[in-house]
Amino acid sequence: MRRFNVTGVCVPEKHYMVDIGDKLAQIKKMVDYGDYFTINRARQYGKTTTLLMLAKMLKNEYIVASISFEGLGDESFESAAAFCRVFMRLIQTALSFTDAPEEYRERWFDEKIEDFIGLGSHITDMCKPGATGSGENLILMIDEVDKTSNNRTYLHFLGLLRDKYLRREQNKDYTFHSVILAGVYDIKNIKLKMINEGIYTPSETENKLYNSPWNIAANFKVDMSFSSQEVASMLEEYETDHSIGMNIPLIADEIYAYTSGYPFMVSRLCQCIDEELDKDWTPRGVQEAVQNILNENNTLFDDMIKNMENNRDLYDFLYDLLFVGNEYVINADNPIMTLGTMYGYIKGDERNKVKVANRIFELRMYNYFVSKNATSRKTTINILQRDVMDSGRFDMELCMRKFAEHYAEMYSERDSDFIEREGRLLFLTYLRPLINGQGFYHIESQFTDLRRMDIVVDFGSDQFIIELKLWKGEAGHEKAYEQLAGYLGSKGNAEGYLLTFDFRKNVIKQPYAKWVDYGGKRIFDVMI
């Protein structure tokens, strides 16, 4: 019986998989044309599985040498001679799993080769027409290309491949028909990786990012995320095996809404529902799976936190995006945006504005910032979940009133810049422990007005919608009523909550909390 897989490569015979046939067909066109290119995507984005499936697709027309730099020790990169020997051995081993003739495989290792000049001549001999003995062209795939311990040696190797490609185009050399590299870091940013790891210090005049030995590469534009329809293709296979009676389009849309098609998270959500939640293939089951995943440690989240902790500019950028509501236009020349995109944390929306790449990443980031805030401030929230419960149900009105009291006591004298930057964080820091364990919140971020934040809290069978706003005058407050009422209508809710931070100076403020009827909806309006 097949299962969902989140560790290592996916195998169709063993695992439920999305049908990526269309993606493979697009990549094969590049191979057929003889392109050299890089598949650089974030961690656990299906790169290794894609290479495996692509190799299977190509094997009837090409000889494919598929190798990986994963796990190679320092000694493999400490000199050109060491690298050349390792590279030839890797090719030789890879070809033993193809239809390449044995004599051709054996010729791939030559112990006399000790430098890149010799390796270049050897590649020429091995890629001449008819060299394989069967007429097929040789394809080189290298996975985990950014796992090298000495990137200087690797850069020399890339330079060799580039020079041979250029000479081939001039009919002056023979080399691999197509070269495909896969890794997180784009090759043009390999120096950035070296700098971040402290193994390379650029000169003052050196271009840190774009001095690339891989400027021959064709642009790789294949979307490797899964669409809702592609997720449905995997669920259809599961339904065929288990006959759950699942509403496949509904669940596929729900999974996509949280993951935006990030391959690891799609599979992890499905695995959680299947193996940990008694096959609860309902929207509620998807939501519970999201909660479970947000509370677990995995390498994807570990890397996210490490990258934010180790890069203050990235940390501040993501904080501003989530809590301050600053709006940015995506720009490939901005190093922090380049880094965030490469890690898979951000992307451009339909207006080319920066947004967090998916809702699960967004929620994990919110939880991270909220947790850091809770432990770093010397303030105590003297309220427990039972203090805002009424007959077993969460009392959001009481929760909002108590927050207003807490805010007045702790923060009312803080300056406006502090509140504008920290207000949203203060409320989530207050709210999260009160709903934790039984409740779940997420942020609705699809709106164009980044000065507002819509928080949806699910607690038991109840759902609460809270809008956070900064005071922008009476007209702005009226607009907030209109926006919240409209959003309540779209969610089928009759009641909502509006929390407004008013930090006007030299104005006598009258904090209040009251119910307001607006547009057929009841809104609990809190001004602090």
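Predicted model: local features only at pLDDT ≥ 70, side-chain atom pairs only at ≥ 80, totals over all residues.
Axes are lines fitted to C-alpha atoms, for helices over the stretch in contact, and angles run from 0 to 180 degrees between N-to-C directions.

Angles of 65 to 115 degrees count as roughly perpendicular. On the α13 side, the contact is made by Y315, L318, Y319, L322 and F323. On the α15 side, E362, M365, Y366, Y368, F369, V370 and K372 take part. By class, the contact of α13 with α15 has ten nonpolar and two charged residues, with no polar residue.

Helix α8 (residues 228-242) packs with helix α9 (residues 248-259) at an angle of about 130°. Their axes are 9 Å apart. That angle makes α8 oblique to α9. The crossing of α8 and α9 is right-handed. By class, the contact of α8 with α9 has eight nonpolar residues, one polar residue and three charged residues.

Helix α8 also takes part in a salt bridge. A search of the whole structure finds 26 salt bridges. In one of them, the side chains of K23 and E230 meet, with an N to O distance of 3.4 Å. K23 lies in helix α1 (residues 21-33) and E230 in helix α8. The two residues are 207 residues apart, and the pair links distant parts of the chain.

Attention then turned to the strands. Six strands form an open sheet in the order β9-β10-β11-β12-β14-β13. Pairing in this sheet is mixed. Strands β9 (439-444) and β13 (512-518) are the edge strands, each pairing on one side only. On average, neighbouring strands of the sheet are turned by 25° against each other, direction ignored. Strands of a sheet pair through backbone hydrogen bonds, either parallel or antiparallel. Within this sheet, strand β12 (residues 495-501) and strand β14 (residues 521-527) pair in the parallel sense. L498 has D525 in β14 as its bridge partner. Helix α11 (residues 283-294) lies across β9 and β10 (453-459). The helix α11 runs at about 95° to β9.

Key: Residues numbered from 1 in each chain as written. Heavy atoms only, no water. Helix = DSSP H or I, 4+ residues; strand = E, 2+ residues; numbered from the N terminus. Parallel < 35°, antiparallel > 145°, perpendicular 65-115°, else oblique. Left-handed = near helix turned anticlockwise from the far one by under 90°. Nonpolar A, V, L, I, M, F, W, Y, C, P; charged D, E, K, R; others polar. Contact = heavy atoms within 4.5 Å. Pairing = 2+ DSSP bridges. Salt bridge = Lys/Arg side-chain N within 4 Å of Asp/Glu carboxyl O.
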